[in-house]
Amino acid sequence: MNAPRLPWDSDRGSNPVQMAVIYPFVIILILILLQGIMWAYARNVAYSSARAGVAAGRLYGATPGDGAAKAKRMLDEAGSSLLTDRSVSTEGSTPERLRVRVDAQALSMIPGISGIHVQATVSGPIERWTTAGAP
């Protein structure tokens, strides 16, 4: 003899269907969160490289090329697996002030998005001998 069916027994099997509908959205949200973390880390690496470049290039006797080389070296060491299309520029530098700009693409975990542009610009005064009252 069969037991009588209870009203809540009619929902049997609906939980896997609900999960099949909800899980893709959960996975997409997790990927977006991870992409944001990767972008923040990539931006931090770009800024660190630009700061290292300014610190090296603003020393007495150094050239803007020295700063760009240091920034490029740091980008290669810290961001080679995270950043693509890396470039370092010292455009906009003057004899009194060094400006290092780092441009790169952060890796993408989201299908269909090729990468997020990361840019960091840092500037600082160049060390030099001056006399009192000189600019």
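Contact means heavy atoms within 4.5 Å. Axes are lines fitted to C-alpha atoms, for helices over the stretch in contact, with angles from 0 to 180 degrees between N-to-C directions. By these terms, α2 lies across β1 and β2 and runs at about 165 degrees to β1.

This is a predicted model: local features need pLDDT of at least 70, side-chain atom pairs count only at pLDDT 80 or more, and totals for chains, interfaces and linings use all residues. Residues are numbered from 1 along each chain as its sequence is written, and side-chain values use heavy atoms, without hydrogens and water.

Helices (H or I, at least four residues) and strands (E, at least two) are DSSP runs, numbered from the N terminus. Two strands pair if DSSP finds at least two bridges between them. The open sheet has three strands in the order β1-β2-β3, paired antiparallel. β1 and β3 are its edge strands. Neighbouring strands are turned by 15 degrees on average, direction ignored.

α1 packs on this sheet and touches β1, β2 and β3.

| Pair | Angle |
|---|---|
| α1 and β3 | about 25 degrees |
| α2 and β1 | about 165 degrees |

β2 and β3 share 10 bridges. Val 100 has Val 122 in β3 as its bridge partner.

A nonpolar core is a set of buried (under 20% relative accessible area, 1.4 Å probe, protein chains only) Ala, Val, Leu, Ile, Met, Phe, Trp, Tyr and Cys residues joined through side-chain atoms within 4.5 Å. The largest has 19 residues; Ala 42, Ala 50, Leu 83, Val 100 and Val 102 touch the most other members. α1 gives the most, six residues. Ala 42 touches Leu 82, Leu 83, Ala 106 and Val 118, leaving aside residues up to four places away in sequence.

Notes. Buried means under 20% relative accessible area, exposed over 50%, partly exposed in between (1.4 Å probe, protein chains only).
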